[in-house]
Structure formats: structure tokens, C-alpha cells
Amino acid sequence: MIGAASDTLWNGGAACGTMYSITCIGATNQGVLQPCTGQSVTITIVDYCPPPGCQGTIDLSQESFAIIADLNAGKIVIEYNQ
């Protein structure tokens, strides 16, 4: 399970290899109204996700995203802990 870090976490590449537990905590104003599955996933940061696509976020792989939320949601509000 992998993801890409935004500037907030990337820290010049120091975040590469860092693991985070990710939980969906809600919907954005786009997509599915109640996307969360109630599960969490542990991912490893393997790449950088530049702005404007990633601002203060983690871009999850499709496989990781599907564990915590409906793929049709596109974007979700997450809680993450290292």
C-alpha cells in the first residue's frame, strides 16, 4: 500500500519510506456524500505529489484508497498518523 506526499509532508524527500495509518473521516464537497468504509490502511510514502493536485494531502494508490473509501468519491477528508 503506497502513497505520494504533498509539500506539507515531503520535506525534500525525507518522507520517502515513512509509513502512515490513514483513515477516511468524511466527504469533500465533491463526489460521494458518504464515502468512508470505516476501515484504515497503512501506507508507505514512495513519491512526491506536487501542487496544485496535492496541497496538504496524501495521494493514495487506487488500491489503498479502495480500502478506506468508495473510489467514486475521488477526494476525501482523511486523518493520518505516522
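Helices (H or I, at least four residues) and strands (E, at least two) are DSSP runs, numbered from the N terminus. Residues are numbered from 1 along each chain as its sequence is written. This is a predicted model: local features need pLDDT of at least 70, side-chain atom pairs count only at pLDDT 80 or more, while totals for chains, interfaces and linings use all residues, and side-chain values use heavy atoms, without hydrogens and water.

Start with the loops. Pro52 sits in the loop between β3 (40–48) and β4 (58–60). A cis peptide bond links Pro51 to Pro52, with omega about 5 degrees.

Now Asn11. Its loop runs between α1 (7–10) and β2 (19–27). Phi of Asn11 is near 55 degrees, a positive value in a residue other than glycine. Is Asn11 buried or exposed? Asn11 is exposed, at 59% relative accessible area. Exposed means over 50%, buried under 20%, and partly exposed in between, with a 1.4 Å probe and protein chains only.

Next, the core. A nonpolar core is a set of buried Ala, Val, Leu, Ile, Met, Phe, Trp, Tyr and Cys residues joined through side-chain atoms within 4.5 Å. The largest one has 17 residues, and Ile22, Ile43, Ile45, Ile58 and Ile68 touch the most other members. At least two residues of this core come from each of α1, β2, β3, β4 and α2 (62–68).

Take Ile43. Contact means heavy atoms within 4.5 Å. Not counting residues up to four places away in sequence, Ile43 touches Met1, Ile2, Gly3, Thr18, Met19, Tyr20, Ile22, Ile58, Leu60 and Ser64.
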